[in-house]
Every structure is written in C-alpha cells, then in structure tokens.
Amino acid sequence: MKHSIFFKISILFLFAMGSFFAFSFYFLKFQAERYDNTSEREKYEKISIVFNRIISQENNLETIQNYLKEVGFIQINDNALRQIIIQSTPIPYGAEGIFLRSVEVKDDLFIVLVSDGEVYLYKDSMRSFYVNYYLILLIGSVILILLFALVIRSLLPMIYLRRQIRKFAKGDVRVDCRIPQKDEIGELASEFHKAINRINALNSSRTLFLRSIMHELKTPITKGRITAEMVQNPTQKQRLVSVFDRLNFLIDEFAKIEQLSSHNYNLKKTEFPVQDLISFVQNMLLIDKPESNPISNNCPNDLIKADFELFAMSVKNLIDNAIKYSEDGKVSVESNGRDLIIKNRGAPLKMAFEEYFKPYFKDSAKPNSQGFGLGMYIIKNTLDAQNFNITYTHSDGLNSFTIEGCIIESSCPLPIHHT
C-alpha cells in the first residue's frame, strides 16, 4: 500500500492542503490582530494628523494623492458611498485649500480628501486585501481539490491496465489494454495493446509451425511402425517397433513442451511408486535387457506425487544425461524420504548449475563442442511447472541431482497383483 502511486499522491495532496490551511490560519490571525477596529481607528487618526501637517506645508492635491498611494491607500470610486459620507459628515466645501480627515461608515474606515468642492475617498489597500482573503482561500481550496480529483481520475485507468496485464500473464490472450485517454497513460496502454497483439501473433505462428511439423512427422513414423510389424525376425521387429514408439513418444514430448511454454498444459498430479517411474523411463530409453540395465533403483517402493508424464520426462532426461556423462556408464536412483536423488560417477560440472538450464548451452571453454541440447532446459521447465526444485552437488567423485519435495511416502508396500 505504501508503495502505491495513489497513496503517495494522496499524502502529497493532504500535505499541500494542510500547509495551505495552516498558512491561511496564521495569516488571518495576524491580520485580525493587525486590523483590530480600535488599532485601525488609531492608525487612520494618526495618518490624518500626519497628512494635515503635510498639507499645511505642501498645498498640492496631486502630491497629497501620491503620498496616500505610497503609504498603501487606494482610491474608492463609489458614488453611493460618497453621498452617504457627504450627508453624514460635516465637510467644508467652500474652504480654500485641501481638507483631509478620517471617517467611519458602517464599521468601515475611510480617508476623505476634499479639494475645490471635490470629494475623494481612500481606503487602506491591505484592509481590502484582508477582507477578500476569505474568497481567495475558498478559491484556492477548490482549485487544490479539483487538481487532486483530475490527477486521480487520470491515474485510475492504471488499475484497469494492471488487471488486463495480469490476465495476459496468466494465459488469457483475449485482453484489451486500450484506454480512451490521450495522455501518457493512454499511450502506454496503447503500446501494451500493440505488444500483446504482436506476442499473440508470434505465439499463433509458432504454435501453427510446431503443430504442422509434428503432424508431418507423425505420418512417416506411423508408416514406419506398420512396416516394422512386417519384419520376420522377432528381435529386429521388436527393436524397430521400439524405435518408432520412441520417435512417437518424442513427438508427444515436444507437444507437451509446447503446451508448457504457451501455458496451455493442465497438470494432473497422481501418486505412483518410483518403480513404475523407472520402468517407464527404461522403456523410453530403449533399455530392454536386464543384464545391460545401467539404472540402479535403490528406492522402488517410495511414493511420488506429481504429473506422471511430465515428471517422467524430467527424470528420463536427467538419467539420460547422467548415463551419457558418467565415467562408468551407470546411474543410481536414491531417496532420503523426501527427495529423489539421481547420482552418477564423474567429474564435477565446470559451470554454475543454472547455466546448464539454457537451451543448447555450450561450455565457453569448448566453443566447438556439441553442447547440451534441450535436456536440462526441459528438466527445469517441467519441474518448475510442478513447483519442484532441482539442486546439484558433487562429493567423493559423485554428481548428485536432487529433485526436492517430490516424495510423499517412503518405502510404501507395493500392491500384490493376483493372476
């Protein structure tokens, strides 16, 4: 909440309003003390005395009027008020020279200047300003409130824009970020909308491209498998069928990866023993002879809760890499009651473990090497989709890859199948 731009603007507005009213309060208080009726009356009487002395020495109307302006008095052109003062105040019209005195009318004070039958009214400009200050205070408050309302109104579309972006991040591609607003926020929303349209177009073309490739590959694989069924030699027939099944499974695997990357895959978590998982992985890796099985399963009865196909894809790639880069061509599957651990004997990884998650990662020391392909990238993404974390350690010549928190029960009894 404290990081919200609306919160900051509200605090700024409250500070501005508080400062404005505080200044107004102290100013009005100062003016009220300054312009108390008693002190004001005394001020006008003193000014009358001083100017009468000036008049006795300088009998010039224009000079006296200039002096009044210099000390802060302004001329009042109000004929009705002038008539009231003429009728209520004895003024020597016929007297020669200049006559000046202070008068009070309706609790208001004026300087009356008479010369050659003409009556001029003057009033303290600061007192006029003080009287109108309440109006200025009201107008200032209204302007501040209107500015605050306009700023908040212009920022409110950001809430709508944030909601639309969140929907898009969750996989809803049918969002509309456009805002009927011509300021910077409207331009930002328009650019977001254009970016979303471009991303949707790229995703659509990528999906169409991948699906077209997978569809085109399915046909020759299916024909090859049918042809393999016609082979007379049972061993060769089984081998060919396994190869085509493997290719078919790879196509399905790529389809799942495409669904994961486009956030269209629906997770289906189930419980299954490690033994079923490893048997499935062996079939995917075409390991069909027990005597040549490089996988040592040391926790067959532990129970895993995950999406079976995605999890098997991760473990298959992990075991495949472990066999490929091990010193003895073997790998062991172990458990600590909570985590599934895959070990192989070999040299430690030369780079940080996170670097291997990049697609087609290559060792910088061997730029001409074949690279690691998509194996670790697939492992990372399929495990992240199920909220599993994978870590790596090397100790005593053994590489250990640990999938954390996937085992929910250790050494559970396997069901007995009756024939």
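Start with the largest nonpolar core, which has 36 residues. Select Leu 277, Ile 304, Phe 311, Val 315, Ile 319 and Leu 340, the members with the most contacts inside this core. A nonpolar core here is a set of buried Ala, Val, Leu, Ile, Met, Phe, Trp, Tyr and Cys residues joined through side-chain atoms within 4.5 Å. Buried means under 20% relative accessible area, exposed over 50%, and partly exposed in between, with a 1.4 Å probe and protein chains only. Now colour the elements that give two or more residues to this core: α9 (274-284), β7 (303-307), α10 (308-324), β8 (331-335), β9 (340-345), α11 (375-385), β10 (389-395) and β11 (398-404). Of these, α10 supplies the largest share, six residues. Helices (H or I, at least four residues) and strands (E, at least two) are DSSP runs, numbered from the N terminus.

Before moving on, a word on the model. It is predicted, so local features need pLDDT of at least 70 and side-chain atom pairs count only at pLDDT 80 or more, while totals for chains, interfaces and linings use all residues. Residues are numbered from 1 along each chain as its sequence is written, and side-chain values use heavy atoms, with hydrogens and water left out.

Next, centre on Ile 304. What is it in contact with, leaving aside neighbours within four places in sequence? Its partners include Phe 272, Val 274, Leu 277, Phe 311, Leu 340, Cys 406 and Ile 407, where contact means heavy atoms within 4.5 Å.

A second, separate core has 14 residues, among them Tyr 44, Phe 51, Ile 98 and Leu 113.

Eight of its eight residues are buried, so β3 is largely enclosed by the rest of the structure. Show the side chains: Asp 108, Phe 110, Val 112 and Val 114 point one way, and Leu 109, Ile 111, Leu 113 and Ser 115 the other.

Strand β2 (residues 98-105) runs antiparallel to β3 and is joined to it by eight bridges, with Leu 100 opposite Leu 113. Strand β4 (residues 118-124) is also antiparallel to β3, over five bridges, and Ser 115 stands opposite Glu 118. Two residues lie between the strands of the β3 and β4 hairpin, where Asp 116 takes a positive phi near 55°.

Now select the cysteines. Cys 299 is buried at a relative accessible area of 5%, and Cys 406 is buried at 0%.

Is His 193 buried or exposed? It is buried, with a relative accessible area of 12%. Its side chain makes a polar contact with the side chain of Asp 176 at 3.3 Å. A polar contact is a pair of N or O atoms within 3.5 Å; within protein, one must be able to donate a hydrogen and the other to accept it, and residues adjacent in sequence count only if both atoms are side-chain atoms.

Finally, zoom out to the chain, with its eleven helices and twelve strands. Of its 419 residues, 36% are buried.

Definitions and conventions
Pairing = 2+ DSSP bridges.
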